[in-house]
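Please open the model in a viewer and keep the selection tool at hand.

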Amino acid sequence: MEKRINEENKEEVMLLEENIQRLQVEVAQLQRQRQRRQEELALHSSQPLRDALLLVCGHGPKEDAHMALSSLREQVEQLEEDLQRQTKMNGISLRSCTARILQSGSTKSVQEMCVCGQCSELDFQVEFQLSEIKGGERPEKSINSLNVVTAASDLCNFSRFLTGVEESRELLMFFRTLRTFSDRMNERRHAFRHFQAKYGQVACAAGGSNPSVLTFHHPNLPGCTFLVHWSVDVSKEGEVTPKVDLLPKIPDRALQLFPSQGVGSAAEAFHSLLRLLGPEAAVEEVIRAAGLLTNEMHDDGHAIHP
């Protein structure tokens, strides 16, 4: 009986020793993670902030640590105000920014950065490596391995620009062009919503939250439509250009009611209006000239026939 009890005790002791060893391994891993995060934080912080962090972590008198904590709060509040001010100025809101140290040395350091954010209604994610070479009067920084992912609905018009940015690693040009591209997309979205709200069933758009085609149906001529194709082109150099085209679709039967020269020159006349009035006002003139609103309209866009 006593022998069996001793064997059971030995098994419990062995089990406890295994648990202790496993916990020791986990503690060592957590300590290494903590050390790595402290190094990353120190690398991104200014010297006063580094000193304050050391005091808060227990490397100094408690009185100094309390003052340092108050100073850190003030710095964080100031940084948050600066971030809000920058967001209002450039229209870009950052949701997250992470950094991971790939190489850290006395002469060179390499970080892997990932920035996620939103410009208006356009989400983006930018990943790149930031290299810093030390030794001169000022450290030399360079960007490597740039990768950009966006959720643009006009991605086919944006992809060539993104490819060029990733090849040239022009990060500043990407953010500058992203703001302009987003503004032009917003102009199209607001214009289409305006036409749909004003003309109801006469105006129809399909293709997601920011469609590129708006179709106007003539209330008295079935099959007679005018398509407004509004794209936003971006060159490889970052030049953003809205492109608005008018595509009339007139059935043969209805075509007999119109002079062929007038219908054929509709697109050319529309582009002349674009140069003079801009997209939204030019479309309004086409609607009026084409007789799409010869009848009065209900508030919901339905025509009132006499």
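Select Phe124: this residue is buried, with a relative accessible area of 3%, where buried means under 20% relative accessible area, exposed over 50% and partly exposed in between (1.4 Å probe, protein chains only). The model is a predicted one, in which local features need pLDDT of at least 70 and side-chain atom pairs count only at pLDDT 80 or more, while totals for chains, interfaces and linings use all residues. Residues are numbered from 1 along each chain as its sequence is written, and side-chain values use heavy atoms, with hydrogens and water left out.

Rings of Phe, Tyr and Trp (its six-membered ring) pair if their centres lie within 6.5 Å; planes under 30 degrees apart count as stacked, over 60 as edge-to-face and the rest as tilted. Because Phe124 lies in strand 3 and Phe175 in helix 5, the pair ties together parts that are 51 residues apart in sequence. Helices (H or I, at least four residues) and strands (E, at least two) are DSSP runs, numbered from the N terminus. Include Phe174 as well: Phe124, Phe174 and Phe175 form one aromatic cluster.

Next, select Phe195 and Phe216, an edge-to-face aromatic pair with 5.8 Å centre to centre and 80° between the planes. Phe195 belongs to helix 5 and Phe216 to strand 6, 21 residues apart. Phe195 is buried at 1% relative accessible area, and Phe216 is buried at 2%. In total, the structure holds 9 aromatic pairs.

Two strands pair if DSSP finds at least two bridges between them. Cys204 stands opposite Thr215 in strand 6. Strand 6 is also joined to strand 7 (residues 225-234) by 5 bridges, again antiparallel, and Val213 stands opposite His229 there.

Finally, turn to the largest nonpolar core, of 24 residues, where Val126, Phe128, Phe161, Phe174 and Phe181 have the most contacts inside it. Such a core is a set of buried Ala, Val, Leu, Ile, Met, Phe, Trp, Tyr and Cys residues joined through side-chain atoms within 4.5 Å. Helix 5 gives the most to this core, with 6 residues. Apart from it lies another core, of 23 residues, among them Leu214, Phe216, Phe226 and Leu274.
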